[in-house]
Amino acid sequence: MDSHRFYRYGSQLTSANHLSYEFTTATSYSEWTTGSLKLDLGNSPNSTLSNQFYSDSSIPSNSKEGHISTITGTNCKQTEVNFAENYASCSRSMKHALQEIESVLMSPDHNEAATSTSAEFEEIKPKVLTKQRSRPERHHSQDNIASTPQLQYSYSLPEKRPRETMEALPMMDIKHLLARCAEALDDGRVNEFETLVKEAAKFVSINGDPIQRVGAYMLEGLVARHEASGTKIYRALRCRQPESKELLSHMRILYDICPYFKFGHMAANGAIAESLRNEDRIHIIDFQIAQGTQWVTLIQALAARPRGPPHVRITGIDDPVSEFARGDGLQLVGKNLSEMSKKFNIPLEFHGLSVYGPQVTRDMLEIQPGEALAVNFTLQLHHTPDESVNVNNPRDGLLRMVKSLSPKVVTLVEQESNTNTTPFLMRFSETFDYYCVMFESIDETLPRDSKKRIDVEQHCLAKDIVNIIACEGEERIERHELLGKWRSRLTMAGFKSFPLSSYVNSVIKTLLGYYSDKYTLVEKDGATLLGWNNRNLISASAWH
């Protein structure tokens, strides 16, 4: 019998003062809660985001009763062990490959050096990720599915059905049904919307096929849009303090199981290494420093430069709420880089700015005469609002400010999706198609019943889907644009294309092949497009 379940959820928001060179910071917290989500829209066989905030017990503990490997039996346990082993091996191989690339690009004549490194690359090649070729077959037993984290829809009921009893619906019909939900909501036909959501909930699942999993999060976004709760869900997913160190690894795992993210970084690093190879004083400004791991191999390559290491200064910018994703403030990044400076005997300074990108000014960056400047925008610039949100157009204003610094190179890595100014229904369709392809690529690496897969999708991707679907105006943070639009913005700001290295692209294409032959790399007008099954997902470009 149907019974109503009303929830409340809360999180913590943080604000931080400017982080000075001495790494001093002050952080304050304020709690917030929201009203109940009142939709009770029928049985759902599986569940998605909402209970993650409604109940602290929604994340399994490490106890015997809660640990996924203990419950699901040897198949799932072995899968998790194999993933951990292959993940570590792959990370080492990728780091080795990236360091080789950067060393080649910084050599006195990197064209000749590139052709001479084929033997070294052949040594790296067998170590590259091959887990999809030897991983155990997927088992979708009822025991495995029952043991995965059950995170509730805001409209879910206590009764859940196992996968075997979930109703089947062809892929195009699921998309059509969800599109009808979106159309009814957009037209204000509330009763029809609620009826359609009840129906759609029978066919989506966080444990299902890619289209079912994406459908679960899209449906959550539609309900959040109806309840005007999308911003609160997005903030809770983005800002909530992790309960354990395990949660800090989700983004790192995503970058390894979705190599187009990793290789977007690699293409950007290649452009920076090539443009700065003859410089003695280098200043890198990273508008999304995160944990700073992108710069490890570049620093190693700079330290090993035949003519001696340069003096390196890194300005790391990160918005004030991102310390939860990192586990600490920017002091942690500075400490890690300081240790690296000592280890590799390279002079290195770090300056942390805990501030939102559009708020950065020239004075904050402390530009010094004689420095060769590189500016990095990796999966960050789409968070800056444009003229459709703010008449002052902070997005283009930030690019003009960066151009005024006269950088030797600016690198841009972005998701190849058109969700910025498109009308709601077109944005809904674009988001659905984009993330279905991404979730398909995740299936190539992690099995359906993997807890790691569920965690990565929920903590790294679901918040973006909900924000794109549920929010409008300034509350819609995820505003992606296609490469052509970024090209127009950068050109209008005074930049010219800096073609990415064909050598780096050839190495990336070879490495992608060891993940799966479904990964694609397209070179277009000096930029690189990375994707899956001929759908471009990430663009990487460089400018000067």
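**Salt bridges, sheet and helix packing in a predicted model**

Arg189 is partly exposed, with a relative accessibility of 32%. On this scale, buried means under 20% relative accessible area, exposed means over 50%, and partly exposed covers what lies in between, computed with a 1.4 Å probe on protein chains only. The structure is a predicted model, in which local features need pLDDT of at least 70 and side-chain atom pairs count only at pLDDT 80 or more, while totals for chains, interfaces and linings use all residues. Residues are numbered from 1 along each chain as its sequence is written, and side-chain values use heavy atoms, with hydrogens and water left out.

Arg189 takes part in a salt bridge with Glu192, and their closest N and O atoms are 2.4 Å apart. Glu192 is also partly exposed, at 34% relative accessibility. A salt bridge is counted when a side-chain nitrogen of Lys or Arg lies within 4 Å of a carboxyl oxygen of Asp or Glu. Side chains of opposite charge can pair when their charged atoms come close. Under this rule, 25 salt bridges are found.

A second salt bridge joins Arg448 to Asp209, at 2.7 Å from N to O. Arg448 sits in the loop between helix H19 (424–443) and helix H20 (451–470), and Asp209 in the loop between helix H9 (190–200) and helix H10 (210–227), so this pair ties together parts that are 239 residues apart in sequence. Helices (H or I, at least four residues) and strands (E, at least two) are DSSP runs, numbered from the N terminus. Arg448 is buried, with a relative accessible area of 12%, whereas Asp209 is partly exposed at 35%. Arg448 also forms a salt bridge with Asp443, where the closest N and O atoms are 2.6 Å apart. Asp443 is buried, with a relative accessible area of 6%. These residues belong to a network of salt bridges that links Asp209, Arg213, Asp443, Arg448, Arg453 and Glu457.

An open sheet is formed by eight strands in the order S5-S4-S3-S6-S7-S10-S9-S8, with mixed pairing. The edges are taken by strand S5 (348–354) and strand S8 (519–524), each of which has a single partner strand, so one side of each is left without a neighbour in the sheet. From one strand to the next, the twist averages 15°. Two strands are taken as paired if DSSP finds at least two bridges between them.

Within the sheet, strand S3 (residues 281–286) pairs with S4 in the parallel sense over six bridges. In this pair, Arg281 stands opposite His311 in S4. Seven of the eight residues of S4 are buried, so S4 is largely enclosed by the rest of the structure. Strand S9 (residues 527–532) pairs with strand S10 (residues 535–543) in the antiparallel sense over five bridges, and Gly531 has Asn536 of S10 as its bridge partner. Helix H16 (residues 330–344) lies across strand S4 (311–318) and S5, and runs at about 170° to S5. Axes are lines fitted to C-alpha atoms, for helices over the stretch in contact, and angles run from 0 to 180 degrees between N-to-C directions. Contact means heavy atoms within 4.5 Å.

Helix H12 (residues 250–257) is mostly covered, with six of its eight residues buried. The buried residues of H12 are His250, Ile253, Leu254, Tyr255, Asp256 and Ile257. Two packed helices are described by the angle between their axes and the distance between the axes. H12 packs against H20 at an angle of about 105°, and their axes are 9 Å apart. This makes H12 roughly perpendicular to H20, as angles of 65 to 115 degrees count as roughly perpendicular, those under 35 as roughly parallel, those over 145 as roughly antiparallel and the rest as oblique. On the H12 side, the contact is made by His250, Met251, Ile253, Leu254 and Ile257, and on the H20 side by Lys452, Asp455, Val456, His459, Cys460 and Leu461. By class, the contact has seven nonpolar, two polar and two charged residues. Ala, Val, Leu, Ile, Met, Phe, Trp, Tyr, Cys and Pro count as nonpolar, Asp, Glu, Lys and Arg as charged, and the others, Gly among them, as polar.

Positive phi values in residues other than glycine were also recorded. Glu366 has phi near 50° and is placed in the loop between helix H17 (362–365) and strand S6 (372–378). Glu366 is partly exposed, at 43% relative accessibility. Asn393 has phi near 55° and lies in the loop between S6 and helix H18 (394–403). Asn393 is buried, at 12% relative accessibility.
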